[in-house]
Amino acid sequence: MAETATHTDHAADHGHHSSTGLSNNKLAMWLFLGSECLLFGGLISTYMLYRGRVQNGPHPSQIYDIPFTSVSSFVLLMSSLTMVLAVTSAQRDDDARTNLWLTITALLGATFIGGQVYEFTTFYREGLGFTTSLFSSSFYSLTGFHGVHVSVGVIMLLSTMGIIKRNKITGNKAEVVELVGLYWHFVDIVWIIIFTLIYLIPS
Amino acid sequence: MDTVNNVKSSRRRISTTVAGLTGLLFLAGCATNAPQDTWQAKGPNAQKISDLQWIVFPIAGVVGVLVLALAGYIMFKYRDKGQPIPTQGHGKPTAEIILTIVPALILTVVGVFTFRAIFELAKTEDTEMIINVTGQQWWWEYDYPVQTELGINTPIISSGQLVMPVGTKVLLRETSRDVIHSYWIPALNGKKDAVPGRIHLLRLEADKPGIFAGQCTEFCGLSHANMRMEAVALSKEDFAKWVASQQKAYTSPADGTLAKEGETVFLNQCVRCHQVNGLKKADGTPALAAPDENVYSGAAPNLSHLMSRNTFAGAMFDLLRKSCRADVWDATSEEFGAKYLAGVSESCLNQTDLRAWLRNAPAMKPMYADPTKLTKTGGKYRGMPNLGLTENDIDKLVAYLLTLK
Amino acid sequence: MAIIERPSSEVATPAVVAPSQALGAIRRPVASKGWRSWLFTVDHKKIGIMYGVVAMVFFIVGGVEALLIRLQLALPDGRILSADQYNQMFTMHATTMIFLFAMPMAGAFANYFLPLQIGARDVAFPRLNALSLWLLVGGGLILNASWFLGGAADGGWFMYAPNSGPVFSPSNGVDFWVLGLQIAGIASLIGSINLIVTVLNMRAPGMTLMKMPVFTWMILVVQFLLVFSLPVITVALVLLMFQRSYGATFFDVSQGADPLLWQHLFWIFGHPEVYVLILPGFGIISEVLPTFSRKPLFGYPFVVFSGASIGLVGFGVWAHHMFAAGLGPVSVAVFSISTMAIAIPTGVKIFNWLLTMWGGKIWYTTAMKFAIGLVVLFTIGGLSGVTHSVAPSDTQQTDTYYIVAHFHYVLFGGMVFGLFSGFYYWWPKVFGKLLNEKLGSWNFWFMVIGMNLTFGPMHILGLQGQPRRMYVWTEARAGEGLFNFGFWNMVSSIGSFVLAVGILFFLINVVITARNGKQAPADPWDARTLEWLATSPPKEHNFDRIPVVHHLDEFFHRKYEEDPNTHTMRQIATGEELIRAEEAAADSDIHLPGPSYWPLVLAIGIGVLGLGVVYGTPVMVVGAAVVLLASFGWVLEPSVPEAIDYASPDGDGHSKEIATHG
């Protein structure tokens, strides 16, 4: 921002003065996540409307493996913790630890995705295809969309790590990690809501 | 809007005066007797809406005239006449508050009336008759469930024209077999969508015998523009006669007549989709139509008593010639019943359109009836295909259809 | 652009620019002239102009579609178009006008003037800004490509299920429609986040929110509406896409689906969208009316808050599009009342505009005429809107021409007149030349008369029962007498051509002005807001010195002061003098974001990825690969070129000022 002519280096590019005190990147991320809330809101509403509408194939209660999903949910929840540790390390400018925690977060995320792939495969074998019923279509759409979000998050985590390692980061390192963290926490929270509404509350 | 009628009503006259010159010009610019005029209520439901409109429109008109007059005044008064640049005042909060409260008060008044009307129009407890109305691309089916107190002892299935008794609170139970349609007879009530998988209720009641035009008002695909309807109100006695005529047993044409040959053509071709109640095959077994095997949405108009209706092909075409049609439409409410119940005679039949329809239906009304383009529907038609009938067959069929009274 | 410029020096030389090497892979584009400078630009002004050009092209496309519709309906049983063609025509007319003309044209104004009005040198994320533009172009091309690839979408812009399903709409038109809108939607989402951040974070020192120009305020409200409504239509479009392309049954009633799901999702987006369309127009005339009345906007805080509350309440009225859809009396009553409530802030705006002119010294330029035209026509449209907030009355009016009349008064009379007012007002700012006022007058009067002839009669047609979306109307329902459907349909069709001539005058005006238009003075309108503190056209970095703001209407208050004795306004400086003063005190080095290939590449990737839905997985894989490549290229490219990329004119590489980043 060009409010004063005193900036002399590119570090000023980020974390400089802004009218709100938030950096542009962070503000944009918050807005994006706000928009994402409505996206998941729409998908969750669709699922809630259609979860009981099963003309073919299994009903939700016949197919959900709640202990299994609880474990993978726990794994995802833990990844939020490791993400916090990564952000703290980045703020302390500790690249080694940052990378370590980012890797662990990515691994936990990947584990969750692995669990979801396994779950989808099992469901499919039990006769719940994408087009089987309104329930199945809306279930796969909602959880699939979430899965894509987690996958994108994993790619972002790994890329961030790679870029930090090669020292190619453009801009404020701690802030980049924090932004990825914001996204990651959001995806986590959405999963908690999905898990509660879909798996725990019987239809 | 019919200006003559408006002036007759004193309430309307007052309102019109209030609405001022704009309103008058507006009314003067309207056609007389437009069949779907929304401001010529012919029944209590539409009247309720009309009463509400006679509150809202004049208010809107007055506000509009005042605001535009104010705008005109300001535009003239404060044009640049070389006056100095005005003081840079930023507004007066009191003015703002007044200008917020006044519209809010006006709208509160409107809101109260609206609120009341919404719930009154939604009332169904005192229903006196039920008709099931089903929309399909691009026609309406009317199905009268058994209501012995009205003389309906076996279900009546009809299309083209909704027939109902006057002074009776009729409840339409609407649904659809394919996409969303909307049922609208402006003279009797506002519109209500017919949504597949749901049943929506709409109340109709007519004050006097007569015929009222309508039009499907939810875009429903290719021939949406051709999906029309007509509601016919008969006096209670005439309605009883109509019910009786619809329950009359089928009589096959006499052997050796052209009509009898037409029955054979019908059995060979038309009965695949179109039911005629009581029609029997050559071997004496009942001829049952199977529209669900040929039509994607699952039904085709039931043609029993076809000639008791005045329209065909989703009320797109008249069965009556122009002059005969005008005779029915323009009849006084006293004469209307008898004229309507006379049905379609040979001399009154609109041969041109009916024959053209039998010759090549898709050329008359856009439909998805090209046999080479039915992959998405699994080979089923959406609309009547060209049956490739010979002129000879058409002569026979027309003769036969004329017997379906 | 990656240039360092000494604003004080008379020669506007782009400095010698050495290309940067992002990752050692691809060099940054460096062109500052020619087509490359446009294709790879991240300059909000160039992007704004391109938005305008794209929107204008689509305005003409949508206009031709409208004329064909009116030709078809001029006479009963029209034969110009077949039923199928007509259905495609009205679908694409609405889609084009809303998504490819109105939103991008408002985007053009927002892009160009928002940074200028808040005293910034660019938007917060210049590359994302370019991405928005190219995605919009991609979406528009995909939408319109369907005309040549088996037929355009034919389900109406509202695309109600189940009529939009694969059986009822068998051509690929709807697939292209879904894709085009999805991509244009991503463009709008990115654009809206970008503009919100710009407004919230990049205002010049001293410009508090309540000192922002109203245009900026209205654009801000619009962007918030978009951020929260676009994801909802995204969900609806995704569901429809899964149904059409991958066999899901979201709207298949035989599987137990509820078609009203689509309507709710669509209108939760669709109603805020209406305000997305109209508020920029309100913003523009809230600049124009004060300027040409020589008075500040009457009740600035009320106008701002009424705009914000229109936006807020706009999320709570969607079901008034569904009064005939069988919602049940309680919902109908609630939405009826909330719809009436939205009339109150709208009325506040109209009164404030009128009171702005009250006591003024009104100068009737073309811009002012269009602005007043908006006030008058929008009042008519607003009042007819009140008549169908009354739900029972609406059940008679909905889906008739009365509604068509209403929303054209609101959108054409409101939005389009606002945009044209903006053209005439800001043309000298953007191009340094004044549009011809005489031709402007012809333009205005033809448009006003044409618009009223076209849409006025539709009120009558609708109340007399002519439904909309019908490819023919029949004499059997036309009524008797001279003033029957035939008369009014003919008037309306003639009117549409008068309207078209009016718009032609504008295009002619543009050409003539470009060829031999009058050079505009620095401050031709004695304007009030910060964008006029820049030169016309503005320099690449907008402001030589970032202004410090003390007043609402800062520019005006730098020119005039109130005489404490007589309370009259006294001129203390001309606009030109102020601009010269800024140049003299210019910031030393100004550092702007560099152009980039990646926005264009990423947009192409996303477009190809989308086409994969229609043309199969291989296409999708190619698209995804391009998207991934572009994303990495994007992330690894420094948003602002490195210092070593520059050789500043005086060899002094230090004390660079970052204009923006992103």
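How are α5(A) and α6(A) oriented to each other, roughly parallel or roughly antiparallel? Here are some notes on this predicted model, starting with that helix pair.

1. Helix α5 of chain A covers residues 134-165, and helix α6 of chain A covers residues 173-200. The two pack at an angle of about 160 degrees, and their axes lie 10 Å apart. Angles over 145 count as roughly antiparallel, so α5(A) and α6(A) are roughly antiparallel to each other. Their crossing is left-handed.

2. It is worth looking at the side chains along this pair. On the α5(A) side, the residues that meet α6(A) include Leu142(A), His146(A), His149(A), Val150(A), Gly153(A) and Leu157(A). Among their counterparts in α6(A) are Val176(A), Val180(A), Tyr183(A), Trp184(A), Val187(A) and Trp191(A). By class, the residues of this contact divide into 14 nonpolar, five polar and one charged.

3. Now to the chains. Two pairs of chains are in contact, and of these, chains B and C share the most contacts. Here 82 residues of chain B are in contact with 84 residues of chain C. On the chain B side, the elements giving two or more residues are α3 (44-77), α4 (93-121), β7 (192-194) and β9 (210-215). That side of chain B has 45 nonpolar, 25 polar and 12 charged residues.

4. One last point, in case you are tracing how the chains sit together: chain A and chain B do not touch. The nearest C-alpha atoms of these two chains are 13 Å apart.

Definitions and conventions: Residues numbered from 1 in each chain as written. Chains lettered and ligands numbered in written order. Predicted model: local features only at pLDDT ≥ 70, side-chain atom pairs only at ≥ 80, totals over all residues. Axes fitted to C-alpha atoms, helices over the stretch in contact; angles between N-to-C directions. Helix = DSSP H or I, 4+ residues; strand = E, 2+ residues; numbered from the N terminus. Parallel < 35°, antiparallel > 145°, perpendicular 65-115°, else oblique. Left-handed = near helix turned anticlockwise from the far one by under 90°. Contact = placed C-beta atoms within 7 Å. Nonpolar A, V, L, I, M, F, W, Y, C, P; charged D, E, K, R; others polar.
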